[in-house]
Structures are given as structure tokens and as C-alpha cells.
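The following exercises are to be worked with the sequence and the model side by side. Each task is followed by a solution in steps.

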Amino acid sequence: MSLILPMPGNEAFAADLIAHLGAELGAIEARQFPDGEHYVRIRSDVAGRDVQIVCTLARSDAAFLPLIFAADAARELGAKSVSLIAPYLGYMRQDKRFHPGEAISVRSFARVLSSTFDRLITVDPHLHRLASLEEAYSIPATAVHAAPLLGSWIRASVPEPFVIGPDAESEQWAAEVGRAADAPHVVLTKERFGDRDVRITFPDLQRYRGRRPVLIDDIASSGRTLITAAEHLRGEGFSPPDCAIVHAIFGGDAYDAVSTVAGRIVSTDSVPHPSNRLALAPLIATAMRSHST
Ligand code: R5P
């Protein structure tokens, strides 16, 4: 039976996984010395065990070093394998050198995780120019897809919906959510001119009159994509759109700002947030089971 070790802040997610897996829950103690350096101690016997460390990697800078220390400790203490369950995988943005001298952080982050863990399981990683995680990660890496969860929520909770994907690249994903929601879908054309400067072009929405718009997005960060789209929909006379999001990052006051123009906002629990309604543990447990057989 594998041993699930939650890093601090990931206990609730780990408990949900245990409920779907029948694995054993272990414990990690982590704290900081007065100078800010990290202390990590594994409080469970890991010798000979398949160890799965659960650590979401949103705002990952603070979580990263203790995670590496815990994984190294597990290996040194005799763990048979050490896997990372990261419901949200950070540092997926800078996957090329856009300007001379820039660090390609996707690669560095992937190199350290790949040299520390035997396997990675995550949810809808934000792949831009990479076709798959394996282009950056040298360990087996599984991407679980949350589209069925978003689609089921829409189907059960929104009467007469139509689904709106954030950009042209989301076409296939929006189609998948639309199928699961039993709803038509459209995608927007998005141009980003800065972290908080997003311009969006809508297709003709006349045929969706009388339906309720649902904005979907894999990540809500500054919230500008959702806000710009919601304002456009209001201008066209639609009701405030519900929003279904995979990774609720919501930096600063983004959540409040989106709330003022949107209807309901729901997200998966990949990043702990008040909007979390869609539990990922069943999907991740299925992925974990299929890799342990
Ligand atoms: C973009 O490629 C993503 O799919 C999201 O639309 C984007 O990350 C959202 O960011 P923000 O909330 O800052 O507009």
C-alpha cells in the first residue's frame, strides 16, 4: 500500500485522495528556523514504500525547497519510489527565451523536479509551445484532464448553457467541456499586451440568444481574461456569465474584481480557494491506480 505524504497546506487534498485510494496517510513536519531556512522531518516510516508526496505548486517559491528536502529525505530513508502529486504545476509560463538573456524557467524547474522524483502526476498543465510535459520533464509525467468535471458541473447547474473558451488554443478543450456539458461552445480570440492588458474578440453570438454564457479557463490569474470577456457579454445583453476554472490562482484582488462582473465562480481544488467546488481526488486517484498496476 502506498504512503501519501502531504506537504503543509495539502492535508485536505491528501485526505480526499486517501478516501479514494485506500492508501495510508503519513506526516511531514515542516517549519522555518528564525533566519527563514526550512526544517523538514518525515514522521512516517518510508522504508520500502512507494511514497507519493502531495504538494500543489501554486505560488511555489515557498513550497519548493521543503518539497525537495522531503523527497530527498524519503529516498535516503529507503523509499522504494518517490512520486510527486502536484494538482497545480507552476513555472509553465516561460518556456522559451522571448528576449535575449531571459531564463527559461520551465526547463530549470523541470530539471530539478525530474532529478528528485520518479514520477509526476498533475492536472491540466499550462502547455504553450510544448506538446507534452515530457518535452521538459525527463520522468514519466501524467496530465489529468479536468474537462469532464467542468462539463458535469455546467450540465447539472446551468440551464441552457453555452460554453466560451478563452482563446483559439482552447478550441479542443472547450469542445470537450461542451460535450460533457451537452452544450454548444465558442472560443474567443485573445491578444495579450501585458500581464493585465488583454484584448478579446468575440465571434457572432446571435445564435446563442436566450442561452446562459459560461466562461471556462484553465487558469484565472489576474482575472483580466474573465473580466474582459464578461464585460463584453454584458455589452451584448447577456446575463453575467458563470465561470468554471481549473486552477484558481487569483492574484491580489482578482477574485473580487471577477466577482463584480460574473455570476457564479467555481473551480477545481487544485489550488485551495473559496471558489473550490470540483474535487479532483477521484480523477487523480484513478491516474495513480493505473500507474501502480
Ligand atoms: C492563457 O493562455 C490561459 O489560458 C489563461 O486564459 C490565462 O492564464 C488567464 O490569465 P489572466 O487571469 O491573468 O487573464
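A residue counts as buried under 20% relative accessible area, as exposed over 50%, and as partly exposed in between, with a 1.4 Å probe and protein chains only. The model is predicted: local features need pLDDT of at least 70 and side-chain atom pairs count only at pLDDT 80 or more, while totals for chains, interfaces and linings use all residues. Residues are numbered from 1 along each chain as its sequence is written, and side-chain values use heavy atoms, with hydrogens and water left out.

**Exercise 1. Classify the ring pairs of F162 with Y208 and with F238.**

Step 1. Rings of Phe, Tyr and Trp (its six-membered ring) pair if their centres lie within 6.5 Å; planes under 30 degrees apart are stacked, over 60 edge-to-face, and the rest tilted. The structure holds six aromatic pairs.

Step 2. The ring centres of F162 and Y208 are 4.7 Å apart and the planes meet at 5 degrees, so this pair is stacked. It links distant parts of the chain, since F162 belongs to strand β9 (residues 161-165) and Y208 to the loop between β12 (197-201) and β13 (212-220), 46 residues apart. Helices (H or I, at least four residues) and strands (E, at least two) are DSSP runs numbered from the N terminus.

Step 3. For F162 and F238 the centre-to-centre distance is 5.5 Å and the angle between the planes 55 degrees, a tilted pair. F238 lies in the loop between α6 (224-235) and β14 (242-248) and F162 in strand β9, so the pair ties together parts 76 residues apart in sequence.

Step 4. F162 and Y208 are both buried, and F238 is buried as well. Elsewhere, ring pairs link F64, Y91 and F109 into a cluster.

**Exercise 2. Which ring lies under the charged end of R31, and which under that of R199?**

Step 1. A charge sits over a ring if NZ of Lys or CZ of Arg is within 6 Å of the ring centre and within 35 degrees of the ring normal.

Step 2. R31 has its charged end over the ring of Y39, 4.3 Å from the centre. For R199 the ring is that of F193, with a distance of 3.9 Å from the centre.

**Exercise 3. State the strand order of the open sheet of six strands and name its edges.**

Step 1. The order is β2-β1-β5-β6-β7-β8, with parallel pairing.

Step 2. β2 (24-25) and β8 (141-144) each pair on one side only and are the edge strands.

Step 3. Within the sheet, β5 (residues 50-54) and β6 (residues 81-86) pair in the parallel sense over five bridges; V54 stands opposite I85 in β6.

**Exercise 4. Characterise the largest pocket.**

Step 1. On a 1 Å grid over the protein atoms alone, a pocket is an open set of points where a 1.4 Å probe fits, with protein on both sides within 12 Å along at least five of seven lines; lining residues have an atom within 4 Å of a point.

Step 2. The largest pocket holds about 1800 Å³ of space. Its lining has 50 residues, and R93, H126, H128, D218 and I219 lie nearest the centre.

Step 3. α5 (171-181), β11 (189-194), β13 and α6 each supply at least two lining residues; β11 gives the most, with five.

**Exercise 5. Where do D182 and F250 lie, and are they buried or exposed?**

Step 1. Most residues other than glycine have a negative phi. D182, not a glycine, has a positive phi of about 55 degrees, and F250 has a positive phi near 40 degrees.

Step 2. D182 lies in the loop between α5 and β10 and, at 56% relative accessibility, counts as exposed.

Step 3. F250 lies in the loop between β14 and α7 (254-261) and is buried, with a relative accessible area of 6%.

Key
Grid points are joined across faces, edges and corners, and a volume is the space filled by probe spheres set on the points. Two strands pair if DSSP finds at least two bridges between them.
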